[in-house]
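Student: Hi! I have a new structure to look at and would like to talk it through. Could you help me find my way around?

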Amino acid sequence: MKPIERPRILLVPYPAQGHVTPMLQLASALQLRGFEPVMVTPEYVHRQIAPRIEPKSGIICRSIPDGLDEKEPRDFFTIEFAMENNMPVHLERIICSFDEDGGVLCVVVDLLASWAIKVSKHCGVPVAGFWPAMLATYRLITAIPEMIRAGVISEFGIPQHQGKLCLLPNEPMLSIEDLPWLVGNLAARKSRFIFWLRTLSRSRTLRWVIVNSFPENGDEMIKQQRKSVESPPENPPHVFQVGPLSCHSGSKNPSFWEEDRSCLDWLNKHKACSVIYVSFGSWVKPLGEEKLNELALGLEASRRPFLWVVGPSWQERFPIGYLGRLAGRGKVVSWAPQMEVLKHEAIGCYLTHCGWNSTMEAIQSGKCLLCYPVAGDQFVNCTYIVNVWKIGVKIDGFGWRDVEEGVRSVMEDEGEMHQRVMELKARVIAKEGSSRAVASLTAFIDDLQ
Ligand SMILES: O=c1ccn([C@@H]2O[C@H](COP(=O)(O)OP(=O)(O)O[C@H]3O[C@H](CO)[C@@H](O)[C@H](O)[C@H]3O)[C@@H](O)[C@H]2O)c(=O)[nH]1
């Protein structure tokens, strides 16, 4: 085998923007620490990101086919089918292709892509799990066996009670309907639950899990959970909280779509703290057309300037004449340079679906949030934003009154919410927080080598 200058680490994200972004950030951080990161993504993701990754970043991109019809839209279940049935053989081929060229030190696998744990183990390569979201949601998934035992959910993941529960020690009350797999109709909920059971079973033997969360009381949480589990696994994985990953490297990570930078010029024309930024991440579909139209009218009626990210196919579904009526007061773009937007002084509040990356970017930019969680982990993130950190408020609908009252309580807050977000930013992003995250990543690397 040829000696290798930099030990090689393969990274396999779940193929969606909110997962690829933190995995690329991890790849940059590993590259800076002397590794050769190789990102393995399906062709349709590779086509979007590979040309936008600067060669000097040292990140290598490899693509694999997902076997799906190019023209078919990809949703949770089609992606799951492709991951389980079509992609394993291609990842195995890539891992084997390095056999004569220094091999692979480790494969970092997004836990939502647990199919790759199976493949890597089969190839005899060590695996580290990666959780791109908050530690609390990882803990919810690992607490599934306890929840079944305690009768909180059925063996199919269906809630057996209603109302609020403290599902985990040291954590805020959550509504039982906030469990991440409770999306869609009964059949969809059961299928998503099976997905999580499979993930849990495959990740049981992992030695390491890297979490894109910041270490606020995190270590204590993990100890508490171990104590509360009746029969904990022999060697539970060592959890490394390395977040926010965006703090480890200054490099800008590529988006799947072209950023419309004209929105920055538009923001320059607005007064400080006057604009509502609206974005539901990369995944608008679960919001649906009816809600989209309701929000369009709610924002129009609010008479405040707003900048809204809506993909082209969804813009076609706006009420007739909507975009023409906005006359400069509202700007709609297909994709924004979100971090620059959030940092802009004109932004007074961020109406968000509470995706984890967006939540951390808002904290990093010192912006308060107006929350409308839609699916998955977003309800738990929202609980932390509203009830634990108290840096945002939740709205339950998009009617004129919901939007106006929500926006007013964030934008016209007496300063307490803003003070809290600045304090949180200082704790998790500034020196102390980021040095803890760096130490955590270093501890993972030391254990790996
Ligand atoms: O115009 C835009 C809109 C978004 N973004 C970026 O896209 C990412 C979106 O990530 P996130 O906020 O996490 O949302 P999703 O794409 O919806 O992420 C999925 O993955 C996350 C991490 O697991 C989960 O927390 C979410 O619930 C899940 O929907 C962020 O980095 C944004 O900066 C842009 O760059 N420009």
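Student: Which domains does the shell around the ligand draw on?

Tutor: At least three residues of the shell come from each of domain 1 (8–253 + 430–448) and domain 2 (262–429). The domain bounds come from an automatic or database domain assignment. Keep in mind that this is a predicted model: local features need pLDDT of at least 70, side-chain atom pairs count only at pLDDT 80 or more, and totals for chains, interfaces and linings use all residues. Residues are numbered from 1 along each chain as its sequence is written, and side-chain values use heavy atoms, with hydrogens and water left out.

Student: How far apart are the C-alpha centres of domain 1 and domain 2?

Tutor: The distance between those centres is 27 Å. In the contact between them, domain 1 takes part with 33 residues and domain 2 with 25 residues. Contact here means heavy atoms within 4.5 Å.

Student: Back to the ligand. Which residues come nearest?

Tutor: There are 21 residues around the ligand, and Ser 282, Ala 336, Ser 358, Glu 361 and Asp 377 come nearest. A residue is near a molecule or strand if one of its heavy atoms lies within 4 Å of it.

Student: What classes of residue does the shell have?

Tutor: It has seven nonpolar, 12 polar and two charged residues. Ala, Val, Leu, Ile, Met, Phe, Trp, Tyr, Cys and Pro count as nonpolar, Asp, Glu, Lys and Arg as charged, and the others, Gly among them, as polar.

Student: How much of the ligand does the protein bury?

Tutor: The protein buries 93% of the 700 Å² that the ligand exposes when taken alone. Accessible areas come from the Shrake-Rupley method with a 1.4 Å probe; for residues, only the protein chains shown count as cover.

Student: And which elements give two or more residues to that shell?

Tutor: Those are α1 (17–32) and α15 (356–365). The largest share, four residues, comes from α15. Helices (H or I, at least four residues) and strands (E, at least two) are DSSP runs, numbered from the N terminus.

Student: New topic: Arg 8. Is it buried or exposed?

Tutor: Arg 8 counts as buried because its relative accessibility is 4%. Buried means under 20% relative accessible area, exposed over 50%, partly exposed in between (1.4 Å probe, protein chains only). Arg 8 is placed in strand β1 (residues 8–12).

Student: What does its side chain reach?

Tutor: A polar atom of the Arg 8 side chain lies 2.7 Å from the backbone oxygen of Asp 101. The backbone oxygen of Gly 103 is 2.9 Å from a polar atom of that side chain. Not counting residues up to four places away in sequence, Arg 8 also touches others, including Glu 36, Val 38 and Phe 98.

Student: What about Val 341, where is it?

Tutor: Val 341 sits in helix α14 (residues 338–343). With 0% relative accessibility, Val 341 counts as buried. Leaving aside neighbours within four places in sequence, the contacts of Val 341 include Cys 263, Tyr 277 and Ala 336.

Student: And Thr 199, what does its side chain reach?

Tutor: The Thr 199 side chain reaches the backbone oxygen of Phe 195 at 2.9 Å. Thr 199 lies in helix α8 (residues 186–203) and is buried, with a relative accessible area of 3%.

Student: Which peptide bond is cis?

Tutor: The one from Gly 243 to Pro 244 is cis, with omega near -10°. Pro 244 is in the loop between β9 (238–241) and α10 (262–268).

Student: Last one: is Arg 303 buried or exposed?

Tutor: Arg 303 is exposed, with a relative accessible area of 69%. Its phi is near 60°, a positive value in a residue other than glycine. Arg 303 is in the loop between α11 (288–302) and β11 (306–309).

How values were computed
Polar contact = N/O pair within 3.5 Å; in protein donor to acceptor, adjacent residues only side chain to side chain.
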